[in-house]
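Please read it beside the sequence and the structure.

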Amino acid sequence: MNPQTRKRQNLAAVYEALLQLMSQKPLSRISITELCQHAQVSRTYFYRNFTSFDQIILAYQKQAILQYLRQLPRQSKVKLQVLMTQYFTLMQQLAATNQLLIKNGKIQIFIQSFEAVFALLIKQERIIGSSNAALRQPYYTAYFSDAVVNILVHWQQNSMVETPAHLAQQVTKFTLRHNESTT
């Protein structure tokens, strides 16, 4: 097994063990030893790779989003609405996990992981319109990430009645209005 595959498997094991433990008790009552035993990894592995449980969640979330986005059409640029539909579809599939993370106050991790991936897509000019000056303004990525995750949290708390495509359409509409008003 190559090191990259082993690294992904260990991260998945630690993340899944953390979620399982979080479903049984508050995050503040979970010990590193207990987590490592459940994940069947050493404490050395934990300390070599993480300084907190939040880092585990963030690393896994980033990896999951990037892996899911690899399913985007192979063209060089993708419309924001397609990107957002993919994101909300993934989040719908992870609804139970998301609810557990939201319950444990980990909304900031959703924001950080979305922001990291979105910034990467802008940098790579993968989003149609990402060369637009509005998307490259300082703090825009932070603003946009907070807005999208806030929509995600409200959608999750309101039983996800709307489809991912509908949410994507709304985000795109809001974004286009914002960009038009800043130009």
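The lining of the largest cavity is made up of nine nonpolar residues, with no polar and no charged ones. In this classification Ala, Val, Leu, Ile, Met, Phe, Trp, Tyr, Cys and Pro are nonpolar, Asp, Glu, Lys and Arg are charged, and the others, Gly among them, are polar. The model is predicted: local features need pLDDT of at least 70, side-chain atom pairs count only at pLDDT 80 or more, and totals for chains, interfaces and linings use all residues. Residues are numbered from 1 along each chain as its sequence is written, and side-chain values use heavy atoms, with hydrogens and water left out.

**Cavity**

- A cavity here is a set of points, on a 1 Å grid over the protein atoms alone, where a 1.4 Å probe fits but cannot get out; lining residues have an atom within 4 Å of a point.
- Grid points are joined across faces, edges and corners, and a volume is the space filled by probe spheres set on the points.
- The count is one cavity of 30 Å³ or more, and the volume of the largest cavity is about 60 Å³.
- Its lining consists of Ile 65, Leu 69, Leu 83, Met 84, Tyr 87, Phe 114, Val 117, Phe 118 and Leu 121.
- Helices α4, α5 and α7 each supply at least two residues of this lining, and α7 gives the largest share, four residues.
- Helices (H or I, at least four residues) are DSSP runs, numbered from the N terminus.

**Aromatic pairs**

- Rings of Phe, Tyr and Trp (its six-membered ring) pair if their centres lie within 6.5 Å; planes under 30 degrees apart count as stacked, over 60 as edge-to-face and the rest as tilted.
- Across the whole structure, 13 aromatic pairs are found.
- Tyr 15 and Tyr 60 form a stacked pair, because their ring centres are 3.8 Å apart and their planes are at 10°.
- This pair links distant parts of the chain, with Tyr 15 in helix α1 (residues 3-24) and Tyr 60 in helix α4 (residues 53-69), 45 residues apart.
- Tyr 15 and Tyr 60 are both buried, where buried means under 20% relative accessible area, exposed over 50%, and partly exposed in between (1.4 Å probe, protein chains only).
- Tyr 87 and Phe 114 make an edge-to-face pair, at 4.8 Å centre to centre and 70° between the planes.
- Here too distant parts of the chain are linked: Tyr 87 belongs to helix α5 (residues 80-93) and Phe 114 to helix α7 (residues 107-123), 27 residues apart.
- Tyr 87 and Phe 114 are both buried, and both are among the residues that line the largest cavity.
- A cluster joined by ring pairs contains Tyr 87, Phe 88, Phe 114, Phe 118, Tyr 140, Tyr 143, Phe 144 and Trp 155.

**Helix α5**

- Helix α5 has 14 residues and reaches 20 Å from its first C-alpha to its last, close to the 20 Å expected at 1.5 Å a residue; the expected span is 1.5 Å times one less than the number of residues.
- Its buried residues are Leu 80, Leu 83, Met 84, Gln 86, Tyr 87, Phe 88, Leu 90 and Met 91.
- An α-helix has 3.6 residues a turn, so residues three or four places apart point the same way.
- Gln 92 also lies in α5 and is partly exposed, with a relative accessible area of 32%.
- The C-alpha atoms of Gln 92 and Leu 152 are 9.2 Å apart in space, although the two are 60 residues apart in sequence.

**Loop residues with positive phi**

- Gln 40, a residue other than glycine, has a positive phi near 60°.
- Gln 40 sits in the loop between α2 and α3 (43-49) and is exposed, with a relative accessible area of 74%.
- Ser 159, also a residue other than glycine, has a positive phi near 65°.
- Ser 159 is placed in the loop between α8 (140-157) and α9 and is exposed at a relative accessible area of 60%.

**Partly exposed alanines**

- Ala 116 is in helix α7 and counts as partly exposed at 30% relative accessibility.
- Ala 116 and Leu 66 are 50 residues apart along the chain, with 9.9 Å between their C-alpha atoms.
- Ala 147 is in helix α8 and is partly exposed, with a relative accessible area of 31%.

**Confidence**

- pLDDT is the predictor's confidence in each residue, from 0 to 100.
- The chain has a mean pLDDT of 88, and 91% of its residues reach 70 or more.
- Confidence is lowest in helix α9 (residues 164-182), at a mean of 79, and highest in helix α2 (residues 32-39), at 96.

Technical notes
1 Å grid on protein atoms, 1.4 Å probe; cavity = no way out; pocket = protein on both sides within 12 Å on 5 of 7 lines; lining within 4 Å.
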